[in-house]
Each structure stands twice: as structure tokens, then as C-alpha cells.
Amino acid sequence: MEKLLPEHLKDFWQSVERHKYSREDYTHEYDRALAEYRQTWERALILPTHVDLRESLLAEIGRYTRCDDIAEVRRRCEQAVASLKREWENRVQPEDRRSIELFYDASPAMLHELMWWHTLGDDLSPLAYVLALRFAQRHGCKSYLDFGAGVGAGGLLFAGHGLQTTLADISSSLLRFSAWRLSMRNLMAEYIDLKRSPLPTQHFDIITAMDVFEHLTDPVETVEKLWNALKPGGVLYGRISVEADENRPQHIVNDFEPTFERMRALGFVEVWRDEWLWGHQVFQKL
């Protein structure tokens, strides 16, 4: 069975340490392997009328927001992290769940921040979605939930590769944008507004939660809901950790030990970990 990217790169580096390959060989292999993942990501996200990922995503934002000035769209994207911080500080009471829900539903900067992240200009970690897809394919997963789906990139990727796809988020506005994106590409998915509807029970083979848990008012409650939504033997793929970042006050959780404790009590068992690239973990419902 083909190794997943972090496993392959880790093994290649160990061959460097055994002097079978050089550091330059590793650099070339790293670039080659990441280019394959980037190509999969770009094929899922780039519109048919474009060839460049950043150009395509900026055009997509402009079309949806009815802003014809692409330079202005880019400016909003580049300033989105600072804009989100201001919006949070001006609007949110961190101890008030409803206040937080309203922030994610109403923030005009959230769409721009996430889409800009997905251009891969500063951070390759969105490619963890491709890694999750490879994991799902390797394990024969058919039904997929992206929990905290954001701007729908996971939906574009997984639905485009034939999985039965559901997107869930507390942001009605981002869900509408995601549905618009998938519809424009003739891709089918289900959508769950978590403010209004629960997750179905024992429904999914794989759930991704990409950089979501640090935003949650109650991550312990959330893992219980995700446990219930997984089929027996299903897997939760996510990154349950966060580094301190003064520019992102919306990261409201930094102690995940109660979350892991609840996962162990429920019967989640860690079955795989990315020890080489981005630090995601996979937990199986036994």
C-alpha cells in the first residue's frame, strides 16, 4: 500500500541519515511530493477559466461579493487577519456562546481570510485536506463530513473525488458561499447549519475537523457529537492543538487535555499521526 506523504518523507529523511541519499536529494523529493499534493488541491479549487490558484480564488471572491476590483479583493484578503482581530475585539464577549456564533455568521472578513489561506502563499497546511483525502481513499471511506467547513474547500476536494459529502458550520453565511461554490462546479453535497440542526447519527465514515477545536466554546461537547455522527469504525481526522497567536483572539481554547480525556472515555483510539509535516491526528471510533 502506498505510503502517505508524511510517512514517505520521514522514511526518505531516515535514508539521508543512513547516507543512502543526500540532503539535496531530500529537498528534491520533498518538492516533487508536495507538488503532487498541490496539483490535486489546485485541480479541485481552480475555476475552469483560470490557470493560477491565487488569481482564481480572488476572482471567485470578487464574483460572489460583486466586487469587480480584483486589487481591492486582494487588499481585503491581505488585511483579513487584522480585520478579524478588530471585529472580534469590538463585537465578541468570549464567555458568551451566542456572541461568538454571531461573529462567525456576520464577519465580512472571514471569507477573505480563509480563501487567502487556501492560496498556499504563506502556509502549505491546507494541503492536509489532500492528505485526509488520501487517507480516506486508502481506507475505503464513502461518506464524508467536513466539520467547521468554512469556505467549502474540503467539500470541493472530496465531492470532486466521488465521496458522499456533507458540510457543517455554525456560519450560515459561509455555508451559503460553500453551496454556491459547489453548485458552480456541478458538485453535490448536503449542508448542515449547526445553529439549527444536529448532526445525523452513525452516518459518516470520515470526519475532518481542520483547525476547528481552538475556536469552539465547548470542544468536549463537540467530540461527543462527532462520536455519535461517526459509523462504528469511522475516523476523525483533525489537528487538535494550537500555538499562541496574539493576532487571532478567536482561538479561545489552548488546553485540550479535557478534550482528549473525553475522547479516550468515549473509545476514540488514535490510529495514525502526521509526525512530519502538519501534526494532524486520526482517531477511530471502535
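**Exercise 1.** In strand 4, which residue is the bridge partner of Asp146?

*Solution.* The model is predicted: local features need pLDDT of at least 70, side-chain atom pairs count only at pLDDT 80 or more, and totals for chains, interfaces and linings use all residues. Residues are numbered from 1 along each chain as its sequence is written, and side-chain values use heavy atoms, without hydrogens and water. Strands are DSSP runs (E, at least two residues), as are helices (H or I, at least four), numbered from the N terminus. Two strands pair if DSSP finds at least two bridges between them. Strand 1 and strand 4 run parallel and are joined by three bridges. The partner of Asp146 is Thr208.

**Exercise 2.** Describe the other pairing of strand 1, with strand 2.

*Solution.* Five bridges join these parallel strands. Phe147 has Ala168 as its bridge partner in strand 2. From strand 1 the chain passes through helix 9 (residues 153–160) to strand 2 in a right-handed β-α-β crossover (clockwise from the first strand over the helix to the second, with the strands pointing away from the viewer).

**Exercise 3.** Are the residues of strand 1 buried or exposed?

*Solution.* Buried means under 20% relative accessible area, exposed over 50%, and partly exposed in between (1.4 Å probe, protein chains only). In a regular strand the side chains alternate between the two faces of the sheet. On one side Ser143, Leu145 and Phe147 are buried, and on the other Tyr144 and Asp146 are buried.

**Exercise 4.** In what order do the seven strands form the open sheet?

*Solution.* The order is 3-2-1-4-5-7-6, with mixed pairing. Strand 3 (190–193) and strand 6 (268–273) are the edge strands, each pairing on one side only.
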